[in-house]
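I opened this notebook to keep track of what I looked up, step by step, in a structure that was new to me. The entries are kept in the order in which I read them.

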Amino acid sequence: MKAAVWHAAKDVRVEDVSEPSPTKGWVKIRVKQCSICGTDLNEYRNGPVTLATRPHPATGKQVPLTLGHEFSGDIVELGEGITGINVGDRVTVNPLIVCGNCWWCRRAIWNECARLATIGLAWDGAFAEYVTAPAYGCYKLSDTLSYEAAALTEPFAVTVRAAKLGEVKPGDSVAIIGAGPIGLLTLEAVKAAGATQVFVIEPVASRCEVATKLGATATFDPTKADPGREIAKLTDGKRADVAFECVGGSHAKETLDMAMRVSRRAGRIVMVGVPEAKPLEFDFLRFFFHEKQFFAVQGYVDEFPAAISLLASGKVDTSTIITSKIKLDRIVPDGFEALVNAPERNIKILVSPE
């Protein structure tokens, strides 16, 4: 079968690999759609970052590996001992592979499993015709939910968790820093949680336009105006109840500082973007004297059902966020390279092996 295999930075090859078979407790899925995640893009540009470079203790796998962990498809084969799902079921998958026995797993804090692995990073992923996954990670889809929308369940679950950790309530004002895929999905999640004012901070004009279309109260280009002062004008001087940092990477120092400045005294800051793997400075004195609260989002725990329900309800506009659909054979030029070279035109790109 065809699969997009990571060999090195800027070296992802669509090549023939062996078709996988499910072991006990696992299923085989025919992939319908798989979305390119910021993590996939980072591995393409700068990897290995989180890819397993030696045999992972949970899976035994290491690079070269097939990327892809945001996906939907059909179950075509069951391993031994599986109940509750059947061949032919339409599913999306929580890609976390957990041990089930460590201190965190026993307390259902799955995203902090001591031996955590992820499909597409420590197990062959879904930029392929078929993928295998643990049955416990599979969630059935209603007939009304498209494969395209369902492929965004994984990143949307991250933002549903972000809204939950940030304790977004009806009537809250929210600031979102970054209008990439995660920032825009955070916009959808906080709206669903009842936020009445949602301010988006983003320097790329086309992404601000998308945020406006999705219901942002106002957007601000931080290179042209002070977002904190502008938000203060619209909130009676209070500023945002909750600020979500959705950029991460090499910009995390600046964007975390911005989150400090756009959030109110005794407000909440949620770090959704993944920063670089190095110490991060920020204005701790402001944080201390303004008695702010800080939360970090590392994936999801039990947010998949809520995310699927919201997607199926039609309250989340995925069609505006999905800017391109491509075939697996074109994943490098029309997928990774398009996201690298034209971020103003591309947000979420879906890849189909069919």
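The entries below go through a sheet, a helix, one tyrosine and some salt bridges.

**Entry on the sheet**

I note at the start that this is a predicted model. I began with strand 1, residues 2–8, and found that 6 bridges join it to strand 2, residues 11–16, the two running antiparallel. Strand 1 and strand 2 form a hairpin with 2 residues between them, and in the turn I found Lys10 with a positive phi of about 65 degrees. Looking up the bridge partner of Ala8, I came to Asp11 in strand 2.

I then turned to strand 4, which is joined to strand 1 by 2 bridges and runs antiparallel to it. In this pairing I saw that Val5 stands opposite Thr66 of strand 4. Put together, 3 strands form an open sheet in the order 2-1-4, with antiparallel pairing. Strand 2 and strand 4 (65–66) stand at the edges and have a single partner strand each, so one side of each is left without a neighbour in the sheet. As a reminder to myself, strands of a sheet pair through backbone hydrogen bonds, either parallel or antiparallel.

**Entry on helix 1**

Which residues of helix 1 are buried? In this helix, residues 38–46, I found Asp40, Leu41, Glu43 and Tyr44 to be buried. Seen down the axis of helix 1, the buried residues fall within an arc of 160 degrees, so they line one face of the helix.

**Entry on Tyr139**

I found Tyr139 in strand 10, residues 138–140, and I noted that Tyr139 is partly exposed, with a relative accessible area of 24%. Leaving aside the neighbours within four places in sequence, I listed the residues in contact with Tyr139, among them Arg90, Val91, Thr92 and Asn94, and also Phe304, Pro305 and Ile308. I looked up Ile85 as well, which is 54 residues from Tyr139 in sequence, while the two are 8.7 Å apart in space, C-alpha to C-alpha.

**Entry on salt bridges**

How many salt bridges does the count come to? The count comes to 23 salt bridges, and I followed some of them. Asp11, the bridge partner of Ala8 in the sheet, also meets Arg13 side chain to side chain in a salt bridge, at 2.9 Å from N to O. Asp11 is partly exposed, with a relative accessible area of 22%, and Arg13 is partly exposed too, at 37%.

Next I looked at Asp74, which forms a salt bridge with Lys32, the closest N and O atoms being 4.0 Å apart. Asp74 lies in strand 5 (residues 70–78) and Lys32 in strand 3, so the pair ties together parts that are 42 residues apart in sequence. Buried or exposed, I asked of Asp74 and Lys32? Both Asp74 and Lys32 turned out to be buried.

My last pair was Glu344 and Arg345, whose side chains meet in a salt bridge at 3.5 Å, N to O. Glu344 counts as partly exposed at 37% relative accessibility, whereas Arg345 counts as exposed at 60%.

Definitions and conventions
Residues are numbered from 1 along each chain as its sequence is written. This is a predicted model: local features need pLDDT of at least 70, side-chain atom pairs count only at pLDDT 80 or more; totals for chains, interfaces and linings use all residues. Side-chain values use heavy atoms; hydrogens and water are left out. Two strands pair if DSSP finds at least two bridges between them. Helices (H or I, at least four residues) and strands (E, at least two) are DSSP runs, numbered from the N terminus. Buried means under 20% relative accessible area, exposed over 50%, partly exposed in between (1.4 Å probe, protein chains only). Contact means heavy atoms within 4.5 Å. The arc is that of the directions from the helix axis to the C-beta atoms.
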